[in-house]
Amino acid sequence: MKRTTKLSFYIILFIVFGLIGFWMPLTGDDLNWGSYWGHNYFPEGHFLTYDGRYLGDLLVIVMTKVKPVAFLAYGLFSTLIVYMIQKIHDQLSKPKFIGLFTASIMAVFLIIAPKSIFRQTLGWHAGFANYVPSVIFPLFLLYLFLKNYDRKDVHYYRTITFLTFLASIATQMFAEHMTLLNCFISVVIWLFFRKHFYDGAKRLFNYILLGNFIGAILMFINGAYIKVLTGTDSYRHVTGSNAGDTIISYMRNTYTPKFLALIIVAGLIFVTAVVLYTYRLKDFKRKVVNYTLLIFAAVALAPFLVVSPFGSRCMFTSFVFGAAIIAINLDLISGRFEKLLLPIMTIIFLILGIRMDSLAHDYGRSFNTSIDYTNYQNTVDRDTYYMLQYRDTNYIWLPAPVENDAVYNALYVRHPERKFVAINYWDWTDAMRKAKAKTHNRDDLMKSFDKQIKHKVKLINEKNNK
C-alpha cells in the first residue's frame with residue numbers, strides 16, 4: 001500500500017512538471033538551440049569554445065527539437081529533486097506514516113518558486129537544462145554522507161560504484177558554479193570526514209572525488225574559459241562586465257532600495273533563525289543537514305561576487321537548498337500530523353500544478369499561433385507585421401518584447417524591412433475567437449484572423465486619434 005501510494009505521488013509530480021516542459025514555448029536562447037545553431041553546435045565544433053556545459057547544451061538542443069524529451073526531462077529532474085530531499089529526511093527520522101510529507105512541501109515550493117527564478121528555469125528550456133539537473137548531485141552527496149556516516153554494514157557493488165563515478169563526472173557538465181560546489185563538497189568530505197566512513201563507503205567517496213575533478217577539468221579546459229580569464233570574452237567576465245552584472249550589481253539594478261532592503265533583512269532573519277534553531281538541536285545529523293544546506297546555498301552563490309553575468313536562474317540552487325531546510329524541519333516538527341497534512345499539501349500542489357500547466361499551455365498556444373500568423377503574413381504584400389503578445393511574462397523568460405525579438409524575427413520573418421506592431425493578448429485572442437466562429441476551414445482561418453486583427457488595429461488607432 002505504501003509503495004503504491006509513493007509511486008502514485010511521484011508519478012503525479014512527474015506528469016505535472018513534465019507538462020510544464022512540454023507546453024512551455026521556446027523563448028530567448030531556446031530558439032537558437034532549436035534551430036540552425038543547435039543543429040551545428042556539436043558537428044561544427046562550436047562547443048569547443050562556447051562553454052563547458054556539454055550535457056546541459058546537449059539536453060537543451062534535444063528538448064527544443066523533440067517535445068516528448070522536454071516532457072521527460074522536466075518531469076524526471078524536478079521529481080528527482082523532490083525525491084532526494086525526501087530521502088535526506090528519511091535518514092534523519094523514520095517516517096511514521098507514508099513518508100511523503102517532506103516531498104509534498106518541497107513540491108509546493110518548486111511550483112511556487114519566485115517568478116524571477118521560475119521564468120529563468122522552468123519557464124526557459126535553456127535555463128532548465130543547465131540549472132535544474134545540476135542541483136541533484138549535491139543533494140545525492142548529502143544523502144550518501146548521512147547514510148554512510150559511522151556505519152560498518154555498508155557495501156556497494158562494483159556496478160553501483162562505477163555508475164556513481166560516471167555520474168560524478170557527468171554532473172560537472174551543466175553549470176560552472178555547481179561544478180565548483182561539487183568539488184568543494186567532495187574535498188571537505190575527504191579532508192575532514194573520511195575517518196567516519198568504512199571501506200565500501202570510503203571507496204565510493206574517493207571515486208566521487210576523482211570523478212568530480214575529472215569532470216571539472218573537462219569543463220574548464222574549454223576554450224571559452226581561457227577567453228574569460230584573459231578578459232576577451234564578450235559575455236562572461238571574472239570581475240564583472242561593463243554593465244556591472246555580478247550578483248551585487250544585479251540586485252542593485254533589479255530591485256528598488258526598499259525591496260532590496262526587505263530581501264536582505266528576510267535573508268538575515270532566515271539564516272539567523274536556522275542557525276539558532278539548529279544550535280539547540282542535539283541530533284548530530286540534523287545539525288549537519290541544516291548547516292550543510294546553508295553552506296551549500298552560500299557556496300553556490302559565492303562565485304558570482306566576481307563572475308558575471310548573474311541572473312535570477314543562478315539563485316535556483318540556493319532557493320532549493322533553503323526550501324529543503326524548511327521542508328525537512330517542518331516534517332520533523334509536525335510529522336505526527338502527516339496523516340492530516342499530507343493530503344492537504346498534495347491537494348494544494350495539484351491545484352497549483354494544474355494552474356501552472358494551464359499557464360504553460362496558454363504560453364505554448366500563443367507561441368504556436370504567433371508562428372502560424374507570422375508565416376501567413378510572410379505571404380501577404382503589406383508594410384506591417386502584427387506580432388502577437390503573450391498573456392504576460394510572469395513565468396517565461398522573454399529577454400525582449402515580442403516585436404523586438406531578433407532571434408524570432410531571424411527565424412520566421414521573411415521581410416524584416418517591415419514595421420513591427422505588437423498586438424495585445426486580449427485583442428488577438430478575441431480576434432481568434434471571432435475568426436473561428438466565422439470559418440471552420442483551417443486553410444482560411446489565418447485569413448479570417450488577419451481581417452479581425454486589422455479591424456482591431458483600426459479601432460485602436462481611431463480611439464487613440466480622438
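This briefing describes the nonpolar cores and the aromatic contacts of the structure shown above. The model is predicted. Its largest nonpolar core holds 113 residues, and a second, separate core holds 16 residues. The count of aromatic pairs comes to 36.

**Nonpolar cores**

- Within the largest core of 113 residues, the members that touch the most others are Ile20, Ile81, Met106, Leu139, Leu293, Phe316 and Val320.
- Helix 6, which spans residues 67–92, gives the most to this core, contributing 10 residues.
- Val320 touches Ile81, Ile85, Met106, Leu110 and Val135, when residues up to four places away in sequence are not counted.

**Aromatic pairs**

- The model contains 36 aromatic pairs. One of them joins Phe47 and Tyr54 in an edge-to-face arrangement, with 6.1 Å centre to centre and 80° between the planes.
- Phe47 has a relative accessibility of 21% and therefore counts as partly exposed, whereas Tyr54 is buried, with a relative accessible area of 18%.
- The ring centres of Phe137 and Phe140 are 5.7 Å apart and their planes meet at 55°, so this pair is tilted.
- Both Phe137 and Phe140 belong to helix 10 (residues 136–148), where they are three residues apart, about one turn of the helix.
- Phe137 is buried because its relative accessible area is 7%, under the 20% limit. Phe140, with a relative accessible area of 22%, is partly exposed.
- Ring pairs also link Trp33, Trp37, Tyr41, Phe42, Phe47, Tyr50 and Tyr54 into a cluster. Phe47 and Tyr54, the edge-to-face pair described above, are thus listed among its members.

**Charges over rings**

- Arg194 lies over the face of Trp190, at 4.4 Å from the ring centre.
- The charged end of Arg418 sits over the ring of Tyr385, at 4.8 Å from the centre of that ring.

- Leu209 is part of helix 13, which covers residues 199–220.
- The relative accessibility of Leu209 is 17%, so this residue counts as buried.
- Apart from neighbours within four places in sequence, Leu209 is in contact with Ser186, Val187 and Trp190.
- Leu209 and Phe165 are 44 residues apart along the chain, and their C-alpha atoms are separated by 8.6 Å.

Notes: Residues numbered from 1 in each chain as written. Predicted model: local features only at pLDDT ≥ 70, side-chain atom pairs only at ≥ 80, totals over all residues. Heavy atoms only, no water. Core = buried A, V, L, I, M, F, W, Y, C linked by side-chain atoms within 4.5 Å. Buried < 20%, exposed > 50% of the residue type's maximum accessible area, 1.4 Å probe, protein only. Helix = DSSP H or I, 4+ residues; strand = E, 2+ residues; numbered from the N terminus. Contact = heavy atoms within 4.5 Å. Phe/Tyr/Trp six-rings, centres within 6.5 Å; stacked < 30°, edge-to-face > 60°. Lys NZ or Arg CZ within 6 Å of the ring centre and 35° of its normal.
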